[in-house]
Amino acid sequence: MKDTYTFPALFEIADDGISIFFPDLPGCLPSAATMEEAFKNAKEALQFQLYSMEEDDEEIPDSSSPIKIKQNPGQVLVMIDAWMPPFREKMLNKSMNKTVTIPRWLDILARKEKVNYSHLLQTSLKQYLGVEDSSSKHFSV
């Protein structure tokens, strides 16, 4: 797992917007209305694709040389960088919905006392697991 990746992307410019294709990552297909948005969306899509591949223990391919990529008319070849550490941290801290089951009488008491279930569950889980934060030292990612 690397911290920095750079992949070539083809921006196909049409009247109705910009389609983006990463030759090395066929499932990564963002789009945009403007060139500025295209760069932003390409970077976000690349980071998410790479993060998903890391999470699934998939092998991330080497980046193709831009010289070897053929362009069709209306396409522009650009290189997109992905700096992964802040993106990984963002994904680790993303809130997740969890369904929990408790007896009705306990829910009535908790609502009466205005218990914040999310805060209580987070605090209790951290205490139970002996952790204070989402530091990457706790994860194999």
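Begin by selecting Phe-11, Phe-22 and Leu-50, the residues with the most contacts inside the largest nonpolar core, which has 23 residues. Such a core is a set of buried Ala, Val, Leu, Ile, Met, Phe, Trp, Tyr and Cys residues joined through side-chain atoms within 4.5 Å; buried means under 20% relative accessible area, with a 1.4 Å probe and protein chains only. E1, E2, H1, E4 and H2 each supply at least two residues of this core, and H1 gives the most, with six.

The model is predicted: local features need pLDDT of at least 70, side-chain atom pairs count only at pLDDT 80 or more, and totals for chains, interfaces and linings use all residues. Residues are numbered from 1 along each chain as its sequence is written, and side-chain values use heavy atoms, without hydrogens and water.

Next, centre the view on Leu-50. Leaving aside residues up to four places away in sequence, Leu-50 touches Tyr-5, Phe-7, Leu-25, Ile-60, Ala-82 and Met-84 (contact: heavy atoms within 4.5 Å).

Now select helix H1 (residues 35-55) and helix H2 (residues 84-92), which pack at an angle of about 70° with axes 10 Å apart. H1 is therefore roughly perpendicular to H2 (the term covers 65 to 115 degrees). On the H1 side, the contact includes Phe-48 and Tyr-51; on the H2 side, it includes Phe-87 and Met-91.

Finally, select strand E1 (residues 4-14). Nine bridges join E1 to the antiparallel strand E4 (residues 75-83), where Met-79 is the bridge partner of Pro-8. Five bridges join E1 to strand E2 (residues 17-21), also antiparallel. E1 and E2 form a hairpin with two residues between them, and Ala-14 stands opposite Gly-17.

Key
Axes fitted to C-alpha atoms, helices over the stretch in contact; angles between N-to-C directions. Helix = DSSP H or I, 4+ residues; strand = E, 2+ residues; numbered from the N terminus. Parallel < 35°, antiparallel > 145°, perpendicular 65-115°, else oblique. Pairing = 2+ DSSP bridges. Buried < 20%, exposed > 50% of the residue type's maximum accessible area, 1.4 Å probe, protein only.
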